[in-house]
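Visitor: I'm new to this one and would like to be walked through it slowly. Could we put it on the screen and start with the overall layout?

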Amino acid sequence: ELVKMYSMEHIFLHPSETPPNHDQEGVPNSILEAMATGLPVVATRHGGIPEAIDDGRTGLLVREGDYRPLASAIVRLITTPSLREQIGRNASESVATHFEQAGQVRQLESYYEEAMALREIAAETEPRAVAPEPSRLVAHASVD
């Protein structure tokens, strides 16, 4: 259904804003899905969004909280079909290269392998507690 809907559109908008508690999202799947289908994305510089969008190449990024740059970016894509098409192609290629599932799994596995190797190095260099030899243990008894 999403692919069908995306195919009927020309631009995907994702204007996120940081809430009062300063919580931010990572890279939204909706942006990656739209980009994968070749839709150019206009989004705000928020959370992980700039990790997915290379401003001017794979989408357009604007600052949060100001509708003027958002409107300008939309008008720019509407009035420049060649730019819209180029950004869409670049976006689709970028998602296939950087966010493809098998590649993401390989990247995550490499992080785990690195963490395990660092753990082993730390364990080897960590001073170990030495238990006293049994012959050196002294038992004390008191008699009242």
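Visitor: In what order do the elements run from the N terminus on?
Guide: This is a predicted model, and in it the elements run α-β-α-β-α-β-α-α-α, starting from the N terminus. That order comes from six helices and three strands.

Visitor: And how much of the protein is buried?
Guide: Of the 144 residues in the protein, buried ones make up 26%. The accessible surface comes to about 10,400 Å², and carbon and sulfur atoms account for 54% of that area.

Visitor: What about contacts between residues at least 6 apart in sequence, how many of those join residues at least 24 apart?
Guide: Among those contacts, 51% join residues that are at least 24 apart in sequence.

Visitor: Let's go inside, then. Which residues touch the most other members of the largest nonpolar core?
Guide: That core has 15 residues, and the ones touching the most other members are Phe12, Ile31, Met35, Val41, Ala43 and Ile53. At least two residues each are supplied by helix H2 (29-36), strand E2, helix H3 and helix H5 (81-98), and H2 gives the most, with four residues. In soluble globular proteins, nonpolar side chains tend to be buried together.

Visitor: Pick one of them for me. What does Val41 touch?
Guide: Leaving aside residues up to four places away in sequence, Val41 touches Phe12, Ile31, Ala34, Met35, Ile53, Gly59 and Leu60. Leu60 also belongs to a second, separate core of nine residues, which includes Ile11, Val42 and Val62 as well.

Visitor: Okay, and Leu61, where is that?
Guide: Leu61 is found in strand E3, and its relative accessibility of 9% makes it a buried residue. Setting aside residues up to four places away in sequence, Leu61 touches Ala43, Thr44, Arg45, Ile49, Pro50, Ile53 and Asp55. The C-alpha atom of Leu61 is 9.2 Å from that of Pro15, although these two residues are 46 residues apart along the chain.

Visitor: Switching to charges: how many salt bridges does the structure hold?
Guide: There are four salt bridges in the structure. One of them joins Asp55 and Arg45, two residues that Leu61 also touches, and their closest N and O atoms are 3.2 Å apart.

Visitor: Which residues are linked in a network of salt bridges?
Guide: Arg63, Asp66 and Arg68 are linked in that way. Asp66 meets Arg63 with the closest N and O atoms 2.8 Å apart, and Asp66 also meets Arg68, where the N to O distance is 3.6 Å. Asp66 counts as buried at 19% relative accessibility, whereas Arg68 is exposed, with a relative accessible area of 53%.

Visitor: Last one: what is the phi of His22?
Guide: The phi of His22 is near 65°, a positive value in a residue other than glycine. His22 lies in the loop between E1 and H2, and at 62% relative accessibility this residue counts as exposed.

How values were computed:
Residues are numbered from 1 along each chain as its sequence is written. This is a predicted model: local features need pLDDT of at least 70, side-chain atom pairs count only at pLDDT 80 or more; totals for chains, interfaces and linings use all residues. Side-chain values use heavy atoms; hydrogens and water are left out. A salt bridge is a side-chain nitrogen of Lys or Arg within 4 Å of a carboxyl oxygen of Asp or Glu. Buried means under 20% relative accessible area, exposed over 50%, partly exposed in between (1.4 Å probe, protein chains only). A nonpolar core is a set of buried Ala, Val, Leu, Ile, Met, Phe, Trp, Tyr and Cys residues joined through side-chain atoms within 4.5 Å. Contact means heavy atoms within 4.5 Å. Accessible areas come from the Shrake-Rupley method with a 1.4 Å probe; for residues, only the protein chains shown count as cover.
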